[in-house]
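Biologist: Hi, could you walk me through this model? I have a few quick questions.

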Amino acid sequence: MAAVEVGNAVRRQPGVSRQGAGSTRRRDRQRPAPLLGPLQLAVPVLLKGLWMTLTLTALSVAIGFNLGLGLAILRGSDNSWLSGFARYYSIVFRGTPLLVQIFLIYYGLGQIKFIHDTPAMWWVVSEGSRCAVLALALNTAAYTSEILRGGLVAVPAGLVEAAKACGMSRMMRF
């Protein structure tokens with residue numbers, strides 16, 4: 001394409017090569033698309049982030065479900081202390097935003113001298129990904145406990161009595 005001066009600006013004319021109007025020279029290579037370079041740089045970073053997200057999700061759901069099951073059982077307990085603990089745990093963790101919980105665990109727990117001096121506790125809060133798993137697991141446990149408790153409460157009393165009449169143990173009825 002040839003350059004044509006228009007005022008102070010230079011503009012390319014389509015169909016005219018740089019050598020002049022009579023030249024038939026073509027480019028042998030085409031330049032790669034300008035978007036391909038940044039995309040090639042971004043894909044590995046995005047895949048690494050996807051892997052971290054899947055890892056955090058799997059770990060926090062596995063831990064949170066088990067904690068939630070224990071809390072649901074405690075919530076149905078006849079002991080008012082155990083039932084109250086599970087109830088208030090659920091209220092606190094479901095009532096505060098997850099981002100606030102993550103900030104409190106990541107920035108707050110490391111400031112407590114007892115946690116800082118205990119190697120096992122310091123191992124948990126010394127790295128961001130472990131703090132994220134802890135916060136997500138505790139939050140998941142609160143929601144899971146309420147879901148499971150709702151399922152346990154929904155079982156009709158007649159069904160429980162029928163299971164007792166059949167001779168099922170308490171664990172088998174659960």
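**Surface, core and charges**

Modeller: Happy to! The protein chain exposes about 13500 Å², with carbon and sulfur atoms supplying 66% of it (Shrake-Rupley method, 1.4 Å probe; for residues, only the protein chains shown count as cover). This is a predicted model, where local features need pLDDT of at least 70, side-chain atom pairs count only at pLDDT 80 or more, and totals for chains, interfaces and linings use all residues. Residues are numbered from 1 along each chain as its sequence is written, and side-chain values use heavy atoms, leaving out hydrogens and water.

Biologist: Which elements have the lowest and the highest mean pLDDT?

Modeller: Strand 1 (residues 2-6) is lowest at 51, and helix 2 (residues 80-95) is highest at 95. pLDDT is the predictor's confidence in each residue, from 0 to 100; helices (H or I, at least four residues) and strands (E, at least two) are DSSP runs, numbered from the N terminus. Where pLDDT is low, the predicted coordinates should not be read in detail.

Biologist: Thanks. Which residues form the largest nonpolar core?

Modeller: Twelve residues, including L71, Y89, F93 and L138. Such a core is a set of buried Ala, Val, Leu, Ile, Met, Phe, Trp, Tyr and Cys residues joined through side-chain atoms within 4.5 Å; buried means under 20% relative accessible area, exposed over 50%, partly exposed in between (1.4 Å probe, protein chains only). Helix 6 gives the most to this core, with five residues.

Biologist: And what does Y89 touch?

Modeller: Leaving aside residues up to four places away in sequence, Y89 touches L71, L138, A141 and A142 (contact means heavy atoms within 4.5 Å).

Biologist: Switching to charges: how many salt bridges are there?

Modeller: Four, taking a side-chain nitrogen of Lys or Arg within 4 Å of a carboxyl oxygen of Asp or Glu. One of them joins D117 to K113, with the closest N and O atoms 3.3 Å apart; D117 and K113 are both exposed.

Biologist: What about E146?

Modeller: E146 bridges to R149, with 3.4 Å between the closest N and O atoms. R75, E146 and R149 are linked in a network of salt bridges.

Biologist: Is E146 buried or exposed?

Modeller: E146 counts as buried because its relative accessibility is 16%, whereas R149, at 26%, is partly exposed.

Biologist: Last one: where does W51 sit?

Modeller: In helix 1 (residues 36-75). W51 counts as exposed because its relative accessibility is 61%.
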